[in-house]
Amino acid sequence: MLGLPVSRFPAPVSSDIAARDLEVFWHPCSQMRDYRDFPPLEIVGARGTRLQLADGRQVLDAIASWWCKSLGHGHPRLIAALTAQAEKFEHVITANTTSEPLVRFCERILAIANRGQPGHFGKVFLADNGSTAVEIALKMALQAQAQRGAPGRTRFAAFENGYHGETVGALSVGDLDLYAAPYRPLCFPVERLTGLPYRVGPHDPAWLDASREWPAIEAALDVHASALAAVVYEPVLQAAGGMRFYSPDLLRRLRGWADARGVYLIADEIAAGMGRLGAMLASHLVDGALPDFAVMSKGLTAGVLPLSAVLTTDAIYALFDADYRDGRAFLHSNTFTGNALALAVANAVLDVFADDDVLGRVRETAPRLRAALEGITAERPHFGEVRACGMVAAVDLRARDGAPLDPRRRTGYAVYREAVARGALLRPLGDTMYLFPPLTVTPAEIDEMVGILRTSADAICSASQR
């Protein structure tokens, strides 16, 4: 590691399990060599926002375990729903079968997604992870265009800095070379939309105004309009792209443009949906912006089991409704589509959201998260501008003169290691430090997370400046 700043890393706490792990397991999204001196944390329990380690320590899960543990760990109502369903049946093929948990979930998620536009979405296609759900939406859009009489619409446009998953289609529409570069020969070309109306959050005076940036985006879209099957985007929050926010007004303008030109919209709500930004869909943050396809995952089961959903309209569904011999069926299949255990938990998640007013809790707690992060950055030159919306807040590590840090120094990784030693899991995006806690986090836990970020960054950045 080039010039890794180190302040007070304790001796790595290893264990027999950690050693055996490194003999057999290939960890996701990791350079495995890093684990030689920073062994994986052995988890023996998890409750609420805290992970229990085998060595007796507790660590705050400040990133909701890759953004999915929206209700924290070990939620009793979710565990009870899982157990109750397991006593009935756990999984049955859903080609030509159904069940009460499946129908109930689809009815409920459609009603929730149609807020403000009753009847907009009419059908749900289920799968087991977000990347697969993105692939499903891409395939549906392509086939729907052909079956509506527009077979020449075979291209996709997508936003700069976007991320949509790790499968080939998802990598293609994404814009992060860190993940996609080795696989470019597998990927298809995409029209990339740049110059997005980036904002620091709802407190930004221009939060609901994308008028300055829209003309250039519209012009870029118009060049390719006749060939486009769909535009793919993460609504409002670009998570893996650096926890960036853009004006929701862009979605409203994009909806009008797409309607006028016969182009579908695919909203990847995987990270931003299920209450993360204060609404059940990030597309709800502005009126008149619902997409043709809404892709959901992560928070659907609050991270208890894998589940994803693609919501679409009855008009699109009708394009596939024909005699089998016409060859218009959507023949995508996933073994675990409609898994009863996952759906039972998903229904319990929706119960908790309704009964405990989770969205109200986000509205009450979100200002605390933003204010706490702004408070620690005010007099620290190694922190850049804070951006926050809902239960997401981020800040970039910077040099004293405000310039970006040399990514080869991996300063964010060093801060992450320091934070683990101090009691918080703060897995960064390069040199972007962010907080993405469970929606059920308490004000005291927010203060604790922010405090650990502050002391960890101070220790690392001060050491690197000496």
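Which residues in helix 3 meet which residues in helix 11? Before I answer, a word on the model: it is predicted, so local features need pLDDT of at least 70 and side-chain atom pairs count only at pLDDT 80 or more, while totals for chains, interfaces and linings use all residues. Residues are numbered from 1 along each chain as its sequence is written, and side-chain values use heavy atoms, with hydrogens and water left out.

On the helix 3 side the contact, meaning heavy atoms within 4.5 Å, involves Arg-77, Leu-78, Ala-81, Leu-82, Gln-85 and Ala-86, and on the helix 11 side Ala-340, Leu-341, Ala-344, Val-345, Ala-348, Val-349, Asp-351, Val-352 and Asp-355. By class this contact has 11 nonpolar, one polar and three charged residues, where Ala, Val, Leu, Ile, Met, Phe, Trp, Tyr, Cys and Pro count as nonpolar, Asp, Glu, Lys and Arg as charged, and the others, Gly among them, as polar. Helices (H or I, at least four residues) and strands (E, at least two) are DSSP runs, numbered from the N terminus.

Next, the strands. Strand 1 (residues 43-47) and strand 2 (residues 50-53) pair in the antiparallel sense over four bridges, pairing being called if DSSP finds at least two bridges between two strands. Ala-46 has Leu-51 in strand 2 as its bridge partner, and the two strands form a hairpin with two residues between them, where Gly-48 in the turn has a positive phi of about 60°.

On a 1 Å grid over the protein atoms alone, a cavity is a set of points where a 1.4 Å probe fits but cannot get out, whereas a pocket is an open set with protein on both sides within 12 Å along at least five of seven lines, and lining residues have an atom within 4 Å of a point. The second largest pocket has a volume of about 700 Å³, a volume being the space filled by probe spheres set on points joined across faces, edges and corners. Of its 27 lining residues, the closest to the centre are Thr-94, Val-124, Phe-125, Leu-126 and Thr-337, and strand 4 gives the most to this lining, with four residues. The lining has 15 nonpolar, 10 polar and two charged residues.
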